[in-house]
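Please keep the sequence and the structure in view while reading.

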Amino acid sequence: MKQLSQIEQLQRMKRLALYLLLSAAVLYALAIVLHRFHPLFAYVAAFAEAAMVGAIADWFAVVALFRRPLGLPIPHTAIIPQSKKRIGENLATFICQHFLSTAQVLSKIREFDPANKLASWLAAPRNAQLTGRLLTDAARYSLDALADQRVQHFIRDTAIARLDQIDLAKAGGQMLDILTSERRHQAVLDELLRMLDEVMAHPEVQTKLAEAIAEELRSLEYLGWTLRRLGADQWGGQFSTAKLVSGLSSLIAEVSHDPQHALRLRFDHYMMEFIARLKSDPEMHLRGQEIKAHFLQHPQLAETLAQTWRDVLTWLKEDLGREDSTVRVRIEESAQLLGEKLQADQAMQSWVNEQLLSVAPQWIEKYREDIRRYIISRVDAWGADELVSALETNIGKDLQFIRINGTLVGGTIGLLIYTLTQWLR
């Protein structure tokens with residue numbers, strides 16, 4: 001059976017209400033004519049008369065909501081078109097207060113349990129594959145857009161311009177500030193000393209040091225001749241190397257166990273002084289600017305950046321275009337693994353939900369007002385005819401029942417009043 005549209009249903013109900021009014025009018029006319037033949041027709045006439053009054057009164061009330069009845073300038077008619085702005089404001093306020101209040105939205109978020117829903121959705125292989133396919137399709141589209149020469153020139157020029165704005169010396173000082181906070185640089189010193197200890201302890205390094213020292217001893221004009229004659233030049237080199245390695249190991253051990261060792265304090269002082277110079281020394285600033293200018297003005301820089309960009313885009317495009325795309329497989333595996341891990345970790349789910357609930361109020365407050373303003377502006381932007389048509393199409397069918405009920409209820413009440421009057425007489 002064909003489903004009637006809202007407009008067709010509205011027209012059908014309007015015709016039904018009109019037919020009832022016309023039926024009441026015909027019935028009234030017949031009752032008046034037949035009243036002379038039998039007094040009971042007076043009761044029928046009373047019913048029909050009251051039914052007509054009720055039908056016309058309710059028709060007037062329904063029509064007055066949307067337009068002026070019969071086009072007459074009757075006060076307090078065409079209520080909706082005349083009150084369009086106020087209706088928009090009241091509708092927006094009603095929706096925001098009763099459907100979008102912070103407490104209601106937060107309650108729905110708790111009930112929805114977004115972390116669990118997300119975990120369950122991602123853990124399903126089909127959804128992980130869908131995520132991978134959607135992201136790779138989006139990436140492929142983006143790559144096609146980025147391949148445009150205009151985009152490449154823009155990115156290259158923007159990157160170079162951004163690099164040109166960087167104060168290399170100051171940025172280096174700030175970075176070292178971060179690296180040296182809480183004396184992290186001391187750990188770097190410990191690692192350097194440990195590596196130096198390992199290098200010096202290596203037999204091959206010690207052999208080369210011994211040979212170098214022996215060569216130095218042999219280079220001395222008199223002492224070298226004597227040592228060489230006695231065969232002690234190699235022994236002297238080995239002895240000196242052993243002493244050097246032993247002394248270095250002892251020094252490293254001392255530094256490692258003494259947080260206030262002079263070497264550490266000197267290293268601290270040097271780092272702080274160097275950072276201060278990087279941040280404020282004009283000479284360091286100028287040197288940094290010279291290095292940066294030399295780098296940016298190098299003729300191969302632009303071409304290297306452009307070629308690197310093209311190579312990356314080509315590789316990604318080729319990979320994303322294959323059925324066994326490495327990127328897509330990694331995305332799918334990562335999405336499913338994330339879902340499985342999150343699904344098994346209740347503490348993490350609680351954390352995710354807590355973060356959402358903590359940040360949600362400010363977003364609700366912000367966008368609720370945006371929604372309110374949007375509803376007001378949207379209703380205000382509607383033409384009066386458009387607004388009336390939209391409302392009448394959606395609720396007009398139900399309003400026609402007012403007319404139908406007015407006809408039947410009015411007739412019934414008229415009959416009761418007439419009957420009561422006759423009985424009292």
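## Helix packing and selected residues

Helix 6 and helix 17 are oblique to each other, where oblique is the class left over once angles under 35 degrees are called roughly parallel, over 145 roughly antiparallel and 65 to 115 roughly perpendicular. The model is predicted, so that local features need pLDDT of at least 70 and side-chain atom pairs count only at pLDDT 80 or more, whereas totals for chains, interfaces and linings use all residues. Residues are numbered from 1 along each chain as its sequence is written, and side-chain values use heavy atoms, with hydrogens and water left out.

The chain contains 19 helices and zero strands. Helices (H or I, at least four residues) and strands (E, at least two) are DSSP runs, numbered from the N terminus. Of its 425 residues, 26% count as buried; buried means under 20% relative accessible area, exposed means over 50%, and partly exposed lies in between, with a 1.4 Å probe and protein chains only. Contact means heavy atoms within 4.5 Å. Among contacts between residues at least 6 apart in sequence, 71% join residues at least 24 apart.

Axes are lines fitted to C-alpha atoms, for helices over the stretch in contact, and angles run from 0 to 180 degrees between N-to-C directions. A crossing is left-handed if the near helix is turned anticlockwise from the far one by less than a right angle, and right-handed if clockwise.

| Helix pair | Angle between axes | Axis distance | Handedness |
|---|---|---|---|
| Helix 6 and helix 17 | roughly 135° | within 7 Å | left-handed |
| Helix 2 and helix 19 | about 155° | 6 Å | right-handed |
| Helix 5 and helix 18 | about 135° | 10 Å | right-handed |

Ala, Val, Leu, Ile, Met, Phe, Trp, Tyr, Cys and Pro count as nonpolar, Asp, Glu, Lys and Arg as charged, and the others, Gly among them, as polar.

L130 and A335 are 205 residues apart in sequence and 9.9 Å apart in space, C-alpha to C-alpha. L130 belongs to helix 7 (residues 125-146) and is partly exposed, with a relative accessible area of 30%.

Helix 2 (residues 40-66) and helix 19 (residues 384-424) pack at an angle of about 155°, which makes helix 2 roughly antiparallel to helix 19. The residues of their contact divide into 18 nonpolar, 10 polar and three charged.

Helix 5 and helix 18 are oblique to each other. Helix 5 contributes T102, V105, L106, I109 and R110 to the contact, while helix 18 contributes L357, A360, P361, I364, E365 and R368. Seven nonpolar, one polar and three charged residues make up this contact of helix 5 with helix 18.

Another residue of helix 18 (residues 346-381) is N353. Is N353 buried or exposed? N353 is buried, with a relative accessible area of 16%. Not counting residues up to four places away in sequence, N353 touches D113, P114 and A115. The side chain of N353 reaches the backbone nitrogen of A115 at 3.1 Å.

D113 lies in the loop between helix 5 (102-112) and helix 6. D113 is partly exposed, with a relative accessible area of 25%. Most residues other than glycine have a negative phi. Phi of D113, however, is positive, near 55°.

D319 is located in helix 16 (residues 299-320) and is buried, with a relative accessible area of 2%. Leaving aside neighbours within four places in sequence, D319 is in contact with S325, T326 and V327. A polar contact of 2.9 Å joins the side chains of D319 and S325. A polar contact is a pair of N or O atoms within 3.5 Å; within protein, one must be able to donate a hydrogen and the other to accept it, and residues adjacent in sequence count only if both atoms are side-chain atoms. The side chain of D319 also reaches the backbone nitrogen of V327, at 3.0 Å.
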